[in-house]
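The following exercises concern the structure shown below.

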Amino acid sequence: MFKNWIRGLLYTAKLIIGLAIYVISKKTPAFAYQAMVGLFCLTKGYSNDVLSKIIGYIKRPYRFSQPNGLLGNMEDKRRNQTSSKLREDGYYIFENRLPKEICDSLLQYATSHVCAMRPMDGDVLGKPVHTKYHREAPQAVRYDFDTQDLLNNRDVQNIFADMSFAVVAQDYLGARPIIDVTSMWWHTNFSDKPDMDAAQYYHFDMDRPKWLKFFIYLTDVETTNGPHTFVAGSHKSGGIPSGLLKKGYARLTDDEVKHQFEEKNIIEFNAPSGTIIAEDTRGLHKGKHVEKGDRLILQVQFSNSLFGGYYKKASLGSDLIAELKNKTKQFPELYSAYLDRKF
């Protein structure tokens, strides 16, 4: 117990110093990020709650005049229902789906544009292999698309400009949101077993003090296609047992998770193309191992701060759709991770 108090005080000191450096430089020192992760594991998440409360007082929410969009009519009742579900379970599946024409367009993009094969467990790390993904002949478990290429994509820009995503994120975060992690990837049936580097083992994310991810299925997903899987309720402070948190920021096996949680709380998202899932990935989650076919997913993350993990810089250029160009002027901080302006 005494050792935990000492560790907690050291983590807290490093975090406070790192936050001060971040306020001045807009860069997170590696030691401060590691302190945030360590403190999260030590306090079962309560440290992030305190930090997020402070951020919420400083970064007062936007007033979105027209928050309706791809997620539906975001009137107060629906927003309250969505927020309540997210806070209780850690996830929400929207009735509205991404329109078929956008799904088809992104699917065509994902089969015709170059992406990076992610190294698999046991591979020697080297220069990434960039290639087009051929669905009939995969050569790796996971293929990742470059964030900069995604920002240049008109369909992704349409999603960025849609305020229904921003208002759901803001309600959950309790602070002005920032779009800060955008990615799209294939999971394939290349391997006959799960791959840690492809995020096919259970884990929790810890890149920011608080965030909300939107996962959008761009292919039909059944149980053999590697559905996204989440442990309901594990996003709450105290929701992940101490025995698992003692392992740190680690990958966990199915048996380790099933031993700690009731089967009814392990949610496997089998759903058609266009399905949109909002999720607090502070909770335990994974992409299930693909047995047949493949799965394409787009992820857009909203965070309450850019303090935390490092991501390669990508920028929204001048070639934007008119709606997004207007939104970057109206809500510049929302897009600040991808703008050159400092906040």
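Patches are made of residues with over 30% relative accessible area and no salt bridge, where like charges are joined within 9 Å and nonpolar side chains (Val, Leu, Ile, Met, Phe, Trp, Tyr) within 5 Å. Accessible areas come from the Shrake-Rupley method with a 1.4 Å probe, and for residues only the protein chains shown count as cover.

The model is predicted: local features need pLDDT of at least 70 and side-chain atom pairs count only at pLDDT 80 or more, while totals for chains, interfaces and linings use all residues. Residues are numbered from 1 along each chain as its sequence is written, and side-chain values use heavy atoms, with hydrogens and water left out.

**Exercise 1. A surface patch**

Identify the residues that form a nonpolar patch on the surface, and give their accessible area together.

Solution. Step one: the members are Phe2, Ile6, Leu9 and Leu10, with about 440 Å² of accessible area together. Step two: Leu10 is located in helix 1 (residues 2-25); helices (H or I, at least four residues) and strands (E, at least two) are DSSP runs, numbered from the N terminus. Step three: Leu10 counts as exposed because its relative accessibility is 51%. The classes are buried (under 20% relative accessible area), exposed (over 50%) and partly exposed (in between), with a 1.4 Å probe and protein chains only.

**Exercise 2. Nonpolar cores**

Which residues touch the most other members of the largest nonpolar core?

Solution. Step one: a nonpolar core is a set of buried Ala, Val, Leu, Ile, Met, Phe, Trp, Tyr and Cys residues joined through side-chain atoms within 4.5 Å. Step two: among the 57 residues of the largest core, Leu98, Phe160, Phe214 and Phe302 touch the most other members. Step three: helix 8 supplies the largest share of this core, 8 residues. Step four: another core, of 26 residues, lies apart from it and includes Ile55, Met206, Trp211 and Phe261.

**Exercise 3. Salt bridges**

How many salt bridges are there, and what does the one between Asp144 and Arg118 tie together?

Solution. Step one: a salt bridge is a side-chain nitrogen of Lys or Arg within 4 Å of a carboxyl oxygen of Asp or Glu, and by this rule the count comes to 18. Step two: Asp144 and Arg118 meet through their side chains at 3.0 Å, N to O. Asp144 lies in strand 4 (residues 142-144) and Arg118 in the loop between strand 2 (114-117) and strand 3 (129-132), so the pair ties together parts that are 26 residues apart in sequence. Step three: Asp144 is buried at 17% relative accessibility, whereas Arg118 is partly exposed at 28%.

Step four: Glu333 and Arg176 also form a salt bridge (3.5 Å, N to O). This pair links distant parts of the chain, 157 residues apart: Glu333 is in the segment after helix 11 and Arg176 in the loop between helix 8 and strand 5 (178-188).

**Exercise 4. Positive phi**

Examine the phi values of Lys44 and Ala199.

Solution. Step one: most residues other than glycine have a negative phi. Step two: phi of Lys44 is positive, near 60 degrees, and Lys44 sits in the loop between helix 2 (30-43) and helix 3 (46-58). Step three: Ala199 has a positive phi of about 65 degrees and lies in the loop between strand 5 and strand 6 (211-217). Step four: Lys44 is partly exposed at 36% relative accessible area, whereas Ala199 is buried at 14%.
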